[in-house]
Amino acid sequence: MENGERGNSRNLEDEIRELRRLVALIGAGYLVTVAVVVSACHSPRGRETPGFLTVRGLSVVDANGTVRVRLGAPLPDPIADGRRIKRDEPVSGILICDAAGDERGGYVTDETKTGGNALLTLDGKDGQDVTLVAYPHRGAEIGVQWRRGSAVALRSVEEGSSITILNDGRVSFKEPQ
């Protein structure tokens, strides 16, 4: 072999060695990628259904940027008359808001020590007007009220079932007595 051919042969051998290193590096990268994917699939967060988005909260706003629907776990304290007020218990679920951004109801679960209640509420500007509560282990009740002095409550809980009507803050009907 002449010197020129020997030089080409060494360049070719060097290129083959470099190519082998590159293939080994790509193979190692591939194995690391597979290990990460397999690990993620076996973690609790990796078991999410493909096509689903997992978030702690989501706000839907109108054309003016006012939050009209909020999904969250947990949800923030409510806004009434433009002011944030303290909620009795932390809740998670869906809130609906009016054009002013005030909370007008929701479908939530609260985080009580008894296991959490499921609630469906519809609020007027002056407070909660319709409340449907499903207790975790003891029944349910529905309440409809007007200006806090007039209300109808229908309950069916472990203590028994009842209907109560209030007018001007006084019981006008209750069954059973």
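Predicted model: local features only at pLDDT ≥ 70, side-chain atom pairs only at ≥ 80, totals over all residues.
Figure 1. The accessible surface comes to about 13,100 Å². Carbon and sulfur atoms hold 59% of that surface. The chain contains 1 helix and 12 strands. Along the sequence, the pattern reads α-β-β-β-β-β-β-β-β-β-β-β-β. Take the contacts between residues at least 6 apart in sequence: 10% of them join residues at least 24 apart.

**Figure 2. The largest nonpolar core.** Eight residues make up this core: Leu-75, Val-91, Leu-95, Val-108, Leu-119, Val-133, Tyr-135 and Val-157. Look at Tyr-135, one of these core residues. Setting aside residues up to four places away in sequence, Tyr-135 touches Asn-117, Ala-140, Glu-141 and Val-157. Val-157 is itself a member of the core.

**Figure 3. The largest pocket and its lining.** This pocket has a volume of about 670 Å³. It is lined by 30 residues. Closest to the pocket centre are Pro-78, Arg-87, Glu-103, Asp-123 and Gln-128. By type, the lining divides into 8 nonpolar, 8 polar and 14 charged residues. Five strands each supply at least two lining residues: S3 (79–80), S5 (91–97), S6 (103–110), S7 (118–124) and S8 (127–134). Which strand gives the largest share of the lining? That strand is S6, with 6 residues.

Figure 4. Ser-92 sits in strand S5. Is Ser-92 buried or exposed? Its relative accessibility is 18%, so Ser-92 counts as buried, the cut-off being under 20%. The C-alpha atoms of Ser-92 and Gly-72 are 5.6 Å apart, although 20 residues separate the two along the chain. Neighbours within four places in sequence are left out of the contact list. Ser-92 then contacts Gly-72, Ala-73, Pro-74, Leu-75, Tyr-107, Val-108, Thr-109 and Glu-111. Two of these contacts, Ala-73 and Pro-74, are joined by a cis peptide bond with omega near 0°. Pro-74 lies in the loop between strand S2 (67–72) and S3.

Figure 5. Ser-162 belongs to strand S11 (residues 160–167). Its relative accessible area is 16%, so Ser-162 is buried. Beyond residues up to four places away in sequence, Ser-162 touches Ala-153, Leu-154, Arg-155, Glu-175 and Pro-176. Glu-175 and Pro-176 are linked by a cis peptide bond, with omega about -5°. Pro-176 is found in the segment after S12.

**Figure 6. Phe-173 in strand S12.** Phe-173 is part of S12, which spans residues 170–175. Its relative accessibility is 39%, so Phe-173 counts as partly exposed: the value falls between 20% and 50%. Phe-173 contacts Ile-163, Thr-164 and Ile-165, leaving aside neighbours within four places in sequence. Val-152 is 21 residues from Phe-173 along the chain, and their C-alpha atoms are separated by 9.3 Å.

**Figure 7. Two loop aspartates with positive phi.** Asp-81 is found in the loop between S3 and strand S4 (83–84). Its phi is positive, about 55°, although Asp-81 is not a glycine. What about its exposure? Asp-81 has a relative accessible area of 56% and is exposed. Asp-168 is not a glycine, yet its phi is positive at about 50°. At 63% relative accessibility, Asp-168 counts as exposed, because the cut-off is over 50%.

How values were computed:
Residues numbered from 1 in each chain as written. Heavy atoms only, no water. 1 Å grid on protein atoms, 1.4 Å probe; cavity = no way out; pocket = protein on both sides within 12 Å on 5 of 7 lines; lining within 4 Å. Points joined across faces, edges and corners; volume = space filled by probe spheres on them. Helix = DSSP H or I, 4+ residues; strand = E, 2+ residues; numbered from the N terminus. Nonpolar A, V, L, I, M, F, W, Y, C, P; charged D, E, K, R; others polar. Buried < 20%, exposed > 50% of the residue type's maximum accessible area, 1.4 Å probe, protein only. Contact = heavy atoms within 4.5 Å. Areas by Shrake-Rupley, 256 points an atom, 1.4 Å probe, with all protein chains shown as cover. Core = buried A, V, L, I, M, F, W, Y, C linked by side-chain atoms within 4.5 Å.
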